Amino acid sequence: MPTISSPPELRQASPMTDPTSTSAATQPAGPHRYARRARHWSALLWVAPAFATYAAFVLFPMFQSVQYSFYHWDGIGPATPAGLDNWKAIFTQPELLHSVAHAFVLIIFYTVLPVGLGLVAASLIRELRPGPFNTTARVMLFIPQVLPLVAAGIAWTWMYSSDGLVNQVLRAIGLDQHTRAWLGDFTFALPAVGVIGVWVMLGFCTVLLLAGIGKIDPSLYEAARIDGAGRISEFLAVTLPGLRRELVVCTTFTMIAALASFDIIQISTQGGPGYQTMVPGVQIYRLTFLQQHVGQASALAVFLAALVLVVIWPIQRLGREK
Amino acid sequence: MRSLTQYRGTVRLAAVAAAGALLVAGCAPGGSADAGPEPSKPATTGVGSEPVTLKLLVTSGVDVPFFTALGKLFHAKYGNVTVKVESQDYAALTTNIAHILAGSNVPDLVRVPQFGNLIKDHLLTNLDPYAKAYGWDKWPQSQFATTRVGPDGKQRGTGSLYGAGPGFGLTGIYYNKTLAQRIGMTRPPATVAEFEQLLAKAKDAGMQPIMINGKDGGSVYPLQNLVMSYADDAQAVQDWTYAKPGARIDDPATVKAATTLQRWGHAGYLPADVNDIDQTRAPAAFVKGTGVFFPSGNWQAPGLDKAGAGRFGFFLFPPGEAGGPSYAMTASSSLAIPAKSTNAGAAAAFLDFVQTDPQARQDTVTLGGLVPAGPSDAPAPTAPAGSAVAATVSAFQALLKSNGLVGFMADATASIHVNSLVPQTQLLLAGKTSPEAYAAKVQSDYERDLGR
């Protein structure tokens, strides 16, 4: 987990900004051992304010969530110990388990497609000369990141409705038999919600990957071209390896967004039709605020957090390997 | 460069210490153990003469101009009381209400979407003393059933009064008068079977027989009505809705009702994209002429009259057999007095005022789209003849006398609507669950919600 909060770039850059190392550098005299110990303590001192805030607003609530998950509690009245009841429910109530499965399906739409398409888009934009078209392409791709998700969710709901834009387009090109109320369809509701995720995440991935491509030494591209590399092999040999860190950040961020998704679903389908698009985020919200089962909600939330860690841990390892 | 990993030992120690501290302290979250029901404050009538600012927290939308108007009327009568209306949207209020009422800045009257644990946690004032002081206990009592809560904090319809309000919701079926005439409907159908014949005629004439919002639960209304019509009685549903111990919904009437609703879906009586239509789209489509019938509630009536005065009629859901009792679902637009309110006396006076003052009752109909109840001899508010509003008002008066008002199944538990009734009805209409499985699942979710 600490690896999430300290991406590799920061760690590399920190000798320049780390106050302890600069103060140590101006202190050449003194017994070696003593200096080391002093540095230890001064380092802790520097960390203290940030750590105190982190402990109060992140670590303590995390501990609380774990604690709540072992109680029956409505958020206001007295709590009664629940043992492992809340945890058992996650694995015995089909609705809760299905919602977790849906979150994994969303990874295809939130992570695989945006990162893949983002790579293609970034490589193409790199080849464009800086100019109005280049800027327009970037802005278009990034706009979904700027719009509030709630507004985007409502707009997509209209587009997906039986007389919405998507079906109008299908009718215009003669595909009448494929029109349907997308978000009300048992087969297509989850993919339809997923497409909203692709639209939101694509801009983020493209911009990040584009910035990464900008950092790749242009002489590498030149060398590749002299060696007779085509576009594809240039992409595989130069761009892809050069983007390793950006890819890790993209993948991590979008996977968390997929597993913890809430707003788009809550706005567009509320988990329906049936339970087809129910995700843990919406379940947690309902358990907490509608049913006031704070204990059950906490158990599911802690489970979800653990799941996120398990899923992104290998990706983090992959990014660190040299 | 020294990374934090070098302090791993220290960090680990701190984590273990923190976890240990929590365990050792064994501090269970939440408030102290049950302190018993709060002592009823002595109830006084009237508002005194001190200047008072009465803070109302209601849901955004039509409630705001409506309660602002009621507040002005109240201020005109009692000059020392100023009514201040604040609002939150329905979902936000549902989400926050417990914490607002437990906090330090509580309103004096609050629109309660769901009682939930508010009674158990002693966050609301018991209104029984005020009901006695103001004589509400002499009025027709069925109007207070939905806001009575038993001593266990769960069972409703019995016990003490915790909410009262200016008016009531009421469900039934709107019809497009032009289209209804075209299929030869001269009077409201007398039985479910007769209603089905009309649906078939509409279908044959190439019209959309029913417009309804299946995305957010409008389709649950006709289902509940069908259950009551087939049972020829509403007691079972009423008990279930009020969480009476032992109440069951997985009975033959529910299975038959689910079978009928599913058949309506298959026959094309319901829109093909029923599961994608929400409560904004359904009335809009109905006004535009899609749908001969629109099962919904009286809160739609002012909007329908505005869109086309005199074009839309309203009738109660037909009984199973000719001459049988009619039933409708109702919910009070109830306001409750938070236990921590400092102006409980003035708040109770406001509640009495909105139920009895003739002008307030008129505003309830015209601005709130709700039907006022109050004392049995209170003057009925007027509405233009032939309007949808007038039809809902007279239907409500009739049901109040015949005891035909029933709570919404959706209100049985806090989450039965979103977690069970809506998704299960969607599955039913899509043919993905059977009527038997439907009834069984709703019942088992209900028991789980209630911890039975």
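This is a predicted model: local features need pLDDT of at least 70, side-chain atom pairs count only at pLDDT 80 or more; totals for chains, interfaces and linings use all residues.

Me: How many of the five residues of strand 9 of chain B are buried?

Reply: Strand 9 of chain B spans residues 328-332 and is mostly covered. Buried here stands for under 20% relative accessible area. The number of its residues that count as buried is four.

Me: Which elements give two or more residues to the largest nonpolar core, and how many residues does that core have?

Reply: Among the residues with the most contacts inside this core are B:F195, B:W240, B:W264 and B:Y446. The elements giving two or more residues to the core are strand 6, helix 5, helix 6, helix 7, helix 8, helix 9, helix 15 and helix 16 of chain B. The core's residue count is 52.

Me: How many residues are in the second, separate core?

Reply: This second core includes A:W87, A:L96, A:V193 and A:V200. Its size in residues is 44.

Me: Which arginine does B:W240 touch, leaving aside residues up to four places away in sequence?

Reply: Contacts of B:W240 include B:I249, B:M409, B:I416 and B:Y446.

Me: How many residues apart are B:E447 and B:R248, the two partners of a salt bridge?

Reply: The closest N and O atoms of B:E447 and B:R248 are 3.4 Å apart. B:E447 sits in helix 16 (residues 435-450) of chain B, while B:R248 lies in the loop between helix 8 and helix 9 of chain B. The pair thus links distant parts of the chain, with a separation in residues of 199.

Me: Is B:E447 buried or partly exposed?

Reply: The cut-off for buried is under 20% relative accessible area, and exposed means over 50%. At 24% relative accessibility, B:E447 falls in between, so its class is partly exposed.

Me: What is the N to O distance in the salt bridge of B:E194 and B:R187?

Reply: Side chains of opposite charge can pair when their charged atoms come close. B:E194 is partly exposed at 22% relative accessible area, and B:R187 is partly exposed at 45%. Their side chains meet at an N to O distance of 3.0 Å.

Me: Which residue of chain A is linked with B:K441, B:D445 and B:R448 in a network of salt bridges?

Reply: The search of the whole structure finds 19 salt bridges over all chains. In the network that holds B:K441, B:D445 and B:R448, the chain A member is A:E95.

Me: Why do the buried residues of helix 12 of chain A line one face, and what arc do they fall within?

Reply: The buried residues in this helix are A:E234, A:V238 and A:T239, and they pack against helix 6, helix 10 and helix 11 of chain A. The face turned away from them carries the exposed residues A:I232, A:L236 and A:A237. Seen down the axis of helix 12 of chain A, the buried residues line one face because they fall within an arc of 85°.

Methods
Residues are numbered from 1 along each chain as its sequence is written. Chains are lettered from A and ligands numbered from 1 in the order in which they are written. Side-chain values use heavy atoms; hydrogens and water are left out. A salt bridge is a side-chain nitrogen of Lys or Arg within 4 Å of a carboxyl oxygen of Asp or Glu. Buried means under 20% relative accessible area, exposed over 50%, partly exposed in between (1.4 Å probe, protein chains only). The arc is that of the directions from the helix axis to the C-beta atoms. Contact means heavy atoms within 4.5 Å. A nonpolar core is a set of buried Ala, Val, Leu, Ile, Met, Phe, Trp, Tyr and Cys residues joined through side-chain atoms within 4.5 Å.
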